[in-house]
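This briefing concerns the surface and the contacts of one protein model. Please examine the sequence and the structure below before reading the points that follow.

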Amino acid sequence: MAEETIFSKIIRKEIPADIVYQDDLVTAFRDISPRAPSHVLIIPNKFIPTLNDIEEEDELMMGRMFTVAKKLAKDEGIDEGGYRLIMNCNAHGGQEVYHIHMHLLGGRPLGPLLIDQ
Ligand code: 5GP
């Protein structure tokens, strides 16, 4: 059984984070090490270690992650200019924190495909 990460503590507000959105299913907060002028992480409140662990019962929550990303892109003023949503899975995907999360990145041209280059 995988162990909860620091993101669970952020959801429960046991450690500080710049939370920009929270509801019954998801929480969004600014990345501590932003790679673009806007860099927000959108995560499920439920602990799910990797994309390989998603179940059919998680479909509502996964859909919510996208509608919250769309709302936050508008709030951040990056919807018209454009943005990128990224989810990394396991070592080859570059996943560092094992609680699934969607990166919302924007505010500058991001270049082709990869965020770190
Ligand atoms: P990954 O590489 O797993 O897709 O991305 C993990 C992200 O979480 C990284 O962009 C990293 O900067 C961010 N991160 C890691 N620890 C913390 C933290 O304690 N607070 C916040 N706000 N972001 C974190």
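At 48% relative accessibility, glutamate 55 counts as partly exposed, a class that lies between buried (under 20% relative accessible area) and exposed (over 50%), with a 1.4 Å probe and protein chains only. The model is predicted, so local features need pLDDT of at least 70 and side-chain atom pairs count only at pLDDT 80 or more, while totals for chains, interfaces and linings use all residues. Residues are numbered from 1 along each chain as its sequence is written, and side-chain values use heavy atoms, leaving out hydrogens and water.

- Glutamate 55 is located in the loop between strand S3 (38-44) and helix H2 (59-76); helices (H or I, at least four residues) and strands (E, at least two) are DSSP runs, numbered from the N terminus.
- Patch residues have over 30% relative accessible area and no salt bridge, with like charges joined within 9 Å and nonpolar side chains (Val, Leu, Ile, Met, Phe, Trp, Tyr) within 5 Å.
- A salt bridge is a side-chain nitrogen of Lys or Arg within 4 Å of a carboxyl oxygen of Asp or Glu.

**Nonpolar patch**
- A nonpolar surface patch consists of Phe66, Tyr83 and Leu85, which together have about 260 Å² of accessible area, computed by the Shrake-Rupley method.
- Tyrosine 83 belongs to strand S4 (residues 83-86) and is partly exposed, at 34% relative accessible area.

**Asparagine 45**
- Asparagine 45 also lies in the loop between S3 and H2 and is partly exposed, at 23% relative accessibility.
- Its C-alpha atom is separated by 5.5 Å from that of leucine 25, 20 residues apart along the chain.
- Beyond its neighbours within four places in sequence, asparagine 45 has contacts (heavy atoms within 4.5 Å) with residues including Ile11, Leu25 and His99.

Conventions:
Accessible areas come from the Shrake-Rupley method with a 1.4 Å probe; for residues, only the protein chains shown count as cover.
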